[in-house]
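User: Please take me through this model. I want each label set against its cut-off.

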Amino acid sequence: MRCPYCRHADSRVVDSREADDGQLIRRRRSCPECGKRFTTVEEAVLAVVKRSGVTEPFSRTKIMSGVRKACQGRPVDEDSIALLAQRVEETVRAKGAAEVPSHDVGLAILTPLRELDQVAYLRFASVYKSFDSLDEFEREISELREAASAREAANAREAASSREAASSREAANSREAANSREMTAARHVVPTRSSGRRPGGPDTPDNRLPKIGDRSP
Ligand SMILES: [Zn+2]
């Protein structure tokens, strides 16, 4: 690797470390000529093939700027957008191909964007799927509504089952409490009985019984 300071043709790697969950490697390099240090980043090449046939390197930044545009005025923060772009890249790279059609990248954006913000999703989908009539918006919106109500139903089911679990837990707890009360009661009973049988102790029936002559004046 050529030194960016003095243009010396070679450099020495002094440190390598993985970054971004192993997606890339950063190398710290040192120039033997001028002694300056610089960092290089190495990652597997992933090319996106546009509809025109032109390829360009996959860019998370580009994904983020597209999604950011769709999220304008929506309550979506920058971290969520960055996280979405990361998910998109993981999805696309998981296919294992060196080249992916830009269409697949768009598809990989739609799913997480729909979870993130429905309005942003609709904006993005309208451009990406090039809606050209109100019918297409209507269809997409009714799909969103169906998905939302399915999600609500699932949540309600989950809440009901967790309520059920809680109440059965409660019942079990109160049974246990009752049992432990019984056991405590039993423990209270046992010592009195056994102490009565302790030979020679102060509580032996003989000792407890007042002697007839004691209290008589
Ligand atoms: Zn140099």
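**Zinc site and helix packing**

Analyst: Cys3 (SG), Cys6 (SG), Cys31 (SG) and Cys34 (SG) coordinate the zinc ion at 2.3 Å. Donors are N, O and S atoms within 2.8 Å of the metal (3.2 Å for Na, K and Ca); water is not among the atoms, so sites may look incomplete. This is a predicted model: local features need pLDDT of at least 70, side-chain atom pairs count only at pLDDT 80 or more, and totals for chains, interfaces and linings use all residues. Residues are numbered from 1 along each chain as its sequence is written, and side-chain values use heavy atoms, with hydrogens and water left out.

User: What makes the site of the zinc ion tetrahedral?

Analyst: Its four donor atoms make angles of 105 to 115°. Four donors count as tetrahedral if all angles lie between 85 and 135 degrees. The site is therefore tetrahedral.

User: Why does Cys34 count as partly exposed?

Analyst: Its relative accessibility is 33%. Partly exposed lies between buried (under 20% relative accessible area) and exposed (over 50%), with a 1.4 Å probe and protein chains only. Cys6, at 31%, is also partly exposed.

User: Why is α2 called oblique to α3?

Analyst: Helix α2 (residues 78-94) and helix α3 (residues 102-116) pack at about 140°, their axes 9 Å apart. Angles under 35 degrees count as roughly parallel, over 145 as roughly antiparallel, 65 to 115 as roughly perpendicular and the rest as oblique. So α2 is oblique to α3.

Terms used
Four donors count as tetrahedral if all angles lie between 85 and 135 degrees; four count as square planar and six as octahedral if opposite donors are over 155 degrees apart and all others between 65 and 115; anything else is irregular. Axes are lines fitted to C-alpha atoms, for helices over the stretch in contact, and angles run from 0 to 180 degrees between N-to-C directions. Helices (H or I, at least four residues) and strands (E, at least two) are DSSP runs, numbered from the N terminus.
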